[in-house]
Amino acid sequence: MTCTRGDLRALIPLLGIILAAAASACASDVRRPPTGSASTGPTPAPTRIGPQPGTLRKDLPCPVTRPADRPAPPPPEAIRWNSGNDGLYGGGGLWVALPTSDSRATRWPDGKHHLKMGWWRAFDGRLKLGATSLRTGETVTEELSSGYGTRGFQASTVGFPHPGCWLVTGSLGATEVNFVVDVKFES
């Protein structure tokens with residue numbers, strides 16, 4: 001088949017339509033990553049990290065959780081978020097910067113003493129927090145601000161009514177991270 005210059009000119013509008021459609025498809029791929037991609041994150045399998053409620057003995061000294069207790073190292077992006085400090089604990093896409101042994105809960109106007117904790121979330125979801133006293137069985141729950149988005153860094157506090165040994169639970173979707181902290185109040 002022989003193509004003339006006129007035949008080629010007739011194909012130019014059609015070529016423009018094809019290129020525009022291809023560019024639009026590529027742009028929509030950029031805006032909406034496919035399900036399960038690194039940007040949207042796969043839905044993680046149920047994961048429970050750390051000591052489980054009811055498994056810790058009340059008659060022993062407070063078994064404070066340390067970063068070395070974690071089952072796996074945190075991902076590099078979580079370590080970068082925590083300024084290169086590897087003092088993170090968690091897994092399954094949810095990590096917490098553990099309070100240090102010299103952290104003190106400060107008194108707030110609500111009458112409770114609050115201890116600050118930073119979390120890092122690898123996938124979308126709303127973080128929920130709670131704590132249970134290992135000595136009395138008393139529980140507290142916390143509502144978190146949604147101002148940090150649904151992924152990445154999440155600041156939080158837990159308000160404790162009294163000092164002592166507490167099991168803190170952070171949950172994000174099917175992932176649950178539990179750790180023990182010995183809560184001390186500021187003087």
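Let's start with a pair of charged side chains: Glu 176 and Arg 48 form a salt bridge, with their closest N and O atoms 3.1 Å apart. The term salt bridge here means a side-chain nitrogen of Lys or Arg within 4 Å of a carboxyl oxygen of Asp or Glu. Glu 176 sits in strand β10 and Arg 48 in strand β1, so this pair ties together parts that are 128 residues apart in sequence. Glu 176 counts as buried at 18% relative accessibility, whereas Arg 48 is exposed at 55%. (Buried means under 20% relative accessible area, exposed over 50%, and partly exposed in between, using a 1.4 Å probe and protein chains only.)

Before going on, a word about what you're looking at. This is a predicted model, in which local features need pLDDT of at least 70 and side-chain atom pairs count only at pLDDT 80 or more, while totals for chains, interfaces and linings use all residues. Residues are numbered from 1 along each chain as its sequence is written, and side-chain values use heavy atoms, leaving out hydrogens and water.

Now for the overall layout. The chain has two helices and ten strands, and reading along the sequence gives you α-β-α-β-β-β-β-β-β-β-β-β. Both kinds of element are DSSP runs numbered from the N terminus: helices are H or I with at least four residues, strands are E with at least two. Of the chain's 187 residues, 35% count as buried.

So where do β1 and β10 belong? They're part of an open sheet of five strands, in the order β1-β10-β9-β6-β7 with mixed pairing. Two strands pair if DSSP finds at least two bridges between them. At the edges stand β1 (47–49) and β7 (139–142), each with a single partner strand, so one side of each has no neighbour in the sheet. Strands of a sheet pair through backbone hydrogen bonds, either parallel or antiparallel. Take β6 (residues 128–133) and β7: they run antiparallel and are joined by four bridges. Leu 129 stands opposite Glu 142 in β7.

Back to the charges: the salt bridge count comes to three. Another one joins Arg 151 and Asp 124, at 3.0 Å from N to O. Arg 151 is in the loop between β7 and β8 (152–160), and Asp 124 in the loop between β5 and β6, so the pair links parts that are 27 residues apart in sequence. Arg 151 is partly exposed at 27%, and Asp 124 is partly exposed at 42%. Asp 182 and Lys 184 also meet in a salt bridge, at 3.5 Å from N to O.

Finally, let's look at the rings. Rings of Phe, Tyr and Trp (its six-membered ring) make an aromatic pair if their centres lie within 6.5 Å; planes under 30 degrees apart count as stacked, over 60 as edge-to-face and the rest as tilted. That rule gives four aromatic pairs. In one of them, Trp 119 and Phe 179 have ring centres 6.2 Å apart and planes at 50°, so the pair is tilted. Trp 119 lies in strand β5 (residues 113–121) and Phe 179 in β10 (residues 175–183), so they tie together parts 60 residues apart in sequence. Trp 119 is buried at 0% relative accessibility, and Phe 179 is buried at 0% too. Tyr 148 and Phe 153 form an edge-to-face pair, 5.2 Å centre to centre with 75° between the planes. Tyr 148 is partly exposed at 38%, and Phe 153 is partly exposed at 31%. Together with Trp 81, Tyr 148 and Phe 153 form one aromatic cluster.
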